[in-house]
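Visitor: Could you walk me through this model, please?
Guide: Gladly, let us take a look together.

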Amino acid sequence: MSPKHQDVMDAVAYWRQFVVTFYFENPGDTLVGFLVDYWSDGPLKDAVPRIRVQTKDGRQFDVIAHQERLKAELVKAAPVKGDALRITYTGE
């Protein structure tokens, strides 16, 4: 017997329990803090930049730059550990 639809946890909600990733969902969503780490995943030609930002209250969030605009801006800015960052989602 398969579980009822309402009993099945949303996949995004499930992973958010374990992965502390900042999700930009609505225009205006902003993350402000200091760069703790910066690395890339994947093969060199398709590498996806990832950063870890610590907010003023000490929480840390990962940001994965799958979006081309965010990826380009990170590459252009070339942040280093300790840099202050403000990332704002402006829309599609």
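Here are some questions and answers on strands, rings and the core.

Guide: This is a predicted model, where local features need pLDDT of at least 70, side-chain atom pairs count only at pLDDT 80 or more, and totals for chains, interfaces and linings use all residues. Residues are numbered from 1 along each chain as its sequence is written, and side-chain values use heavy atoms, with hydrogens and water left out.

Visitor: Which residue in β3 is the bridge partner of R52?
Guide: Strands here are DSSP E runs of at least two residues, numbered from the N terminus, and two strands pair if DSSP finds at least two bridges between them. Strand β2 (residues 48-54) runs antiparallel to β3, with five bridges joining them. The partner of R52 in β3 is D62.

Visitor: Is the pair of F22 and F61 stacked or edge-to-face?
Guide: Rings of Phe, Tyr and Trp (its six-membered ring) pair if their centres lie within 6.5 Å; planes under 30 degrees apart count as stacked, over 60 as edge-to-face and the rest as tilted. The whole structure holds two aromatic pairs. In F22 and F61 the ring centres are 5.7 Å apart and the planes stand at 85°, so this pair is edge-to-face.

Visitor: How many residues of strand β3 are buried?
Guide: Buried means under 20% relative accessible area, exposed over 50%, partly exposed in between (1.4 Å probe, protein chains only). F61, like F22, is buried. Strand β3 (residues 60-64) is largely enclosed by the rest of the structure, because its buried residues number four of the five.
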